[in-house]
Amino acid sequence: MQRIVLHVDMDSFYAAIEERENPELQGKAVVVCMLSGRSELSGSVSTCNYIARKSGIRSGMPCSRAKKLNPDAVFLPVRKDFYKEVSDNVMEILRCYADPGENGDAFEQISIDEAFLEVTERVGGDFDRAFELGVQIKDGVRVKEKLTCSVGIGPNKLIAKMSSSVKKPDGITMVKPMDVSGFLGSLKLTKLWGLGDVSADKLQEMGVFTVGELAEYDVIGLISAFGKARGTWLKQAAAGFDDSPVKEREGSEQIGRIATLPEDTLDPGLIYPLVDRLTEDLIAKLDARGLAFRVVTITAINSNFRTRTKSRTLNHPVSDRAILRETARDILAAFLSESPVELRRVGVRVGGLQKKKGQTSLFDYGA
Ligand code: TTP
Ligand code: MG
């Protein structure tokens, strides 16, 4: 059957979350900054929305430069823990669309806002059905998380990944096997996923400027310049060949839930019931997939929008709801005793996930 892989990349991820959270930002240029704290705008741009990109603002540039490019832009500090929670929610939505693999879903998260989905079986190797699935995924993410994403569809991870950035934001790009060489041929070398600036410079010195030229280059020449593994990879990648599987990175997955309290508060009588609800929800998700957890993380966002997290690692993976609830409450108690500022939102996340091996009991509960 024809293999089909989807790559999903969220659009202007951190900035889009900030816009979603604060409707007053709609229509404005929004820049999310990793501030160093030394002076008001010392630090670099994490990302910005597409309105800000029109002024030339880009990830990685100094925030002071971004301010000069667009003095009217709204500059916000990064809230990484919060974005992580949103990312967990998005990944959980995406995962549902992946093929069920032999050892878990054929799903692979590769960054905070990107994932691969093997969909070959689900769509019966049919690209038109894969496109329909791409539309459904975009709808699912928009309805459930109020965020947009861009989707790339191809015969492997390499092509799927490279096509998702063709139409951004909110696009779908499909590259069928017969279109692969046309798609890759005219691309600049630096656009080839996995080819860094150093290799690109070296290839340019060898007279290779496009992916098409690289595909034509003698493999022996590439091996003598880059070594066997890298030289062979360059030749294959330039031809659009990639047989790497879509595979969960062991231990990398986390599942989280976050919710807003009925009012800003420090009252455990209001906070604990919400946390209990979140943990119930998590246990249901874990049970459905036969997973145990080893790390529990609580995120607390206070009324000043300051986000803090605390984690606890258990001695063994467990799947017991009472352990999750008690651990979550314990960590929360530490937050409440430390901070005089009322909480607005609370999140619970479990990590260190692995397949459940038999029953667990309270005796598994570790420090
Ligand atoms: P990207 O997916 O590269 O960028 P993006 O989602 O903001 O925009 P695009 O629509 O082009 O996909 O990165 C995901 C998030 O990672 C991004 O929202 C912020 C963070 N990030 C940084 O903090 N620093 C960086 O240099 C980059 C590139 C991203
Ligand atoms: Mg993105």
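## A metal site and its neighbouring ligand

Let's start with the metal: in this predicted model, the magnesium ion (ligand 2) is coordinated at 2.0 to 2.2 Å by Asp9 (OD), Met10 (O) and Asp113 (OD). The site has 6 donor atoms, with angles of 80 to 178° among them, and is octahedral.

Now look at where the donor residues sit in the sequence: their spacing is D-M-x102-D. Met10 belongs to strand E1, while Asp113 is in the loop between strand E7 (107-111) and strand E8 (114-118). These two residues are 103 residues apart, so the pair links distant parts of the chain.

Next, turn to ligand 1. Which residues are closest to it? Of the 13 residues that surround ligand 1, the closest are Ser12, Thr47, Tyr50, Arg53 and Asp113. By class, this shell has 4 nonpolar, 4 polar and 5 charged residues.

A polar side-chain atom of Tyr50 lies 2.6 Å from one, and an N or O atom in the side chain of Asp113 is 2.8 Å from one. Phe13 uses its backbone instead, with an N or O atom 3.0 Å from an oxygen atom of the ligand. On its own, ligand 1 has 550 Å² of accessible area, and the protein covers 69% of that.

Methods: Residues numbered from 1 in each chain as written. Chains lettered and ligands numbered in written order. Predicted model: local features only at pLDDT ≥ 70, side-chain atom pairs only at ≥ 80, totals over all residues. Heavy atoms only, no water. Near = heavy atom within 4 Å. Polar contact = N/O pair within 3.5 Å; in protein donor to acceptor, adjacent residues only side chain to side chain. Areas by Shrake-Rupley, 256 points an atom, 1.4 Å probe, with all protein chains shown as cover. Nonpolar A, V, L, I, M, F, W, Y, C, P; charged D, E, K, R; others polar. Donors = N, O, S within 2.8 Å, 3.2 Å for Na, K, Ca; no water. Tetrahedral: all angles 85-135°; square planar, octahedral: opposite > 155°, others 65-115°. Helix = DSSP H or I, 4+ residues; strand = E, 2+ residues; numbered from the N terminus.
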